[in-house]
Amino acid sequence: MEKIIFLIVLLFSVTVNSAIIEVNSNSGSLEDSGNCTLRSAINAAESDQISMGCNAGSGPDIIILPNKAVFKFYELNTFGNALPIVLSIITIEGNNSIISRNVGAPQMRFFEITKGTSGEGILTLKNMTLTNGFVDGSGGAIDNNSFLTLDHVKILNNRATFEGGGLNCTSTNSICEIKNSSIIGNTANYAGGIKVSNATLNIDSTLIQGNIANIGNGAADGGAMFIEDGNYSIVNSTITENTANRYGGILISDSPGFIDSSTIVNNNPIGIIGTTSCLLYTSDAADE
């Protein structure tokens with residue numbers, strides 16, 4: 001009985017101490033004092049204070065975007081990001097919106113999640129597209145150093161000059177969860193789609209297609225993804241038509257994990273290389 005009462009109190013506390021912040025402007029400028037922009041909504045969630053036209057956050061916050069809106073960013077917010085760094089617990093419901101870097105804008109990714117002195121950033125993105133991010137470094141759309149969940153998210157045509165054209169997932173004990181999503185047409189020198197280093201990657205019911213690692217000098221690359229010194233699971237997913245100089249599909253190095261009920265086809269060259277267990281996948285490649 002005491003455990004049940006404690007759980008009820010805990011759930012009530014989480015509900016009471018959280019806030020819903022509704023974005024009503026798709027402005028990509030740094031300020032829009034009369035409205036609630038996505039930038040201001042994240043600031044409000046992080047600070048638990050009113051920010052421009054957004055109400056104050058409180059605890060684990062939910063940010064809701066307008067239905068099918070298009071957000072185009074043309075000014076840097078901070079440290080190579082279009083948006084404020086995520087240091088708290090935030091869920092963003094995209095309502096099928098598109099978040100994009102404006103043509104001709106400075107290089108910028110969209111999200112960076114990190115572990116702060118007061119806690120760990122935990123970001124969940126739902127029902128949105130992130131496209132045209134471009135960063136001089138790693139993580140063309142997202143750089144995660146803490147906890148990230150993508151649910152029905154499309155990471156489309158982003159670029160990084162170093163690693164992880166779509167997504168960079170790094171740092172010890174960091175986790176990237178990707179489900180019901182797609183990682184398409186992203187480019188980097190190494191790991192065209194996803195780079196994992198000292199972190200955990202879990203992929204479920206996701207399409208990884210047409211990503212490119214273009215280092216081109218005989219180095220380890222990985223068109224779809226490069227998983228290094230981490231761990232992983234890939235379930236019910238398709239990895240196809242990714243390209244690189246040496247390893248077009250998945251490159252795995254010193255990373256335990258498994259692939260189950262998945263299709264790995266038409267990657268150029270090689271669908272998968274490295275050690276994996278509980279291997280149940282379909283491939284037409286001469287894998288190693």
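**Burial, pairing and cores**

Tutor: The buried residues of helix H2 pack against strand E1 (20-22), strand E2 (61-64), strand E3 (70-73), strand E4 (89-101) and strand E5 (111-113). This is a predicted model, in which local features need pLDDT of at least 70 and side-chain atom pairs count only at pLDDT 80 or more, while totals for chains, interfaces and linings use all residues. Residues are numbered from 1 along each chain as its sequence is written, and side-chain values use heavy atoms, with hydrogens and water left out.

Student: Why is H2 called mostly covered?

Tutor: Buried means under 20% relative accessible area, exposed means over 50%, and partly exposed lies in between (1.4 Å probe, protein chains only). Seven of the 10 residues of H2 are buried, namely Leu 38, Arg 39, Ser 40, Ala 41, Ile 42, Ala 44 and Ala 45. In the protein, buried residues make up 50% of the 288 residues.

Student: How do you know whether Ser 146 is buried or exposed?

Tutor: Ser 146 has a relative accessible area of 0%, and is therefore buried. Ser 146 is in the loop between strand E10 (142-144) and strand E11 (147-156).

Student: What does the side chain of Ser 146 reach, and at what distance?

Tutor: The side chain reaches the backbone oxygen of Gly 121 at 2.7 Å. A polar contact is a pair of N or O atoms within 3.5 Å; within protein, one must be able to donate a hydrogen and the other to accept it, and residues adjacent in sequence count only if both atoms are side-chain atoms.

Student: Which residues are in contact with Ser 146, neighbours within four places in sequence aside?

Tutor: Contact means heavy atoms within 4.5 Å. With those neighbours set aside, the partners of Ser 146 include Ile 113, Thr 114, Glu 120, Asn 173 and Ile 175.

Student: What makes E4 and E8 a pair?

Tutor: Two strands pair if DSSP finds at least two bridges between them. Nine bridges join E4 to E8, and these strands run parallel; Met 128 in E8 is the bridge partner of Ser 97. E8 also pairs with E11 in the parallel sense over nine bridges, and there Lys 154 in E11 is the bridge partner of Thr 129.

Student: What is meant by a nonpolar core, and how many residues has the largest?

Tutor: A nonpolar core is a set of buried Ala, Val, Leu, Ile, Met, Phe, Trp, Tyr and Cys residues joined through side-chain atoms within 4.5 Å. The largest has 57 residues, and Ile 63, Ile 92, Phe 111 and Ile 142 have the most contacts inside it. A second, separate core of six residues includes Phe 226, Tyr 247, Ile 270 and Ile 273.

Student: How do you know whether Leu 201 is buried or exposed?

Tutor: Leu 201 has a relative accessible area of 0% and is therefore buried. Leu 201 lies in strand E16 (residues 194-204), and the C-alpha atoms of Leu 201 and Ile 175, 26 residues apart along the chain, are separated by 6.0 Å.

Definitions and conventions
Helix = DSSP H or I, 4+ residues; strand = E, 2+ residues; numbered from the N terminus.
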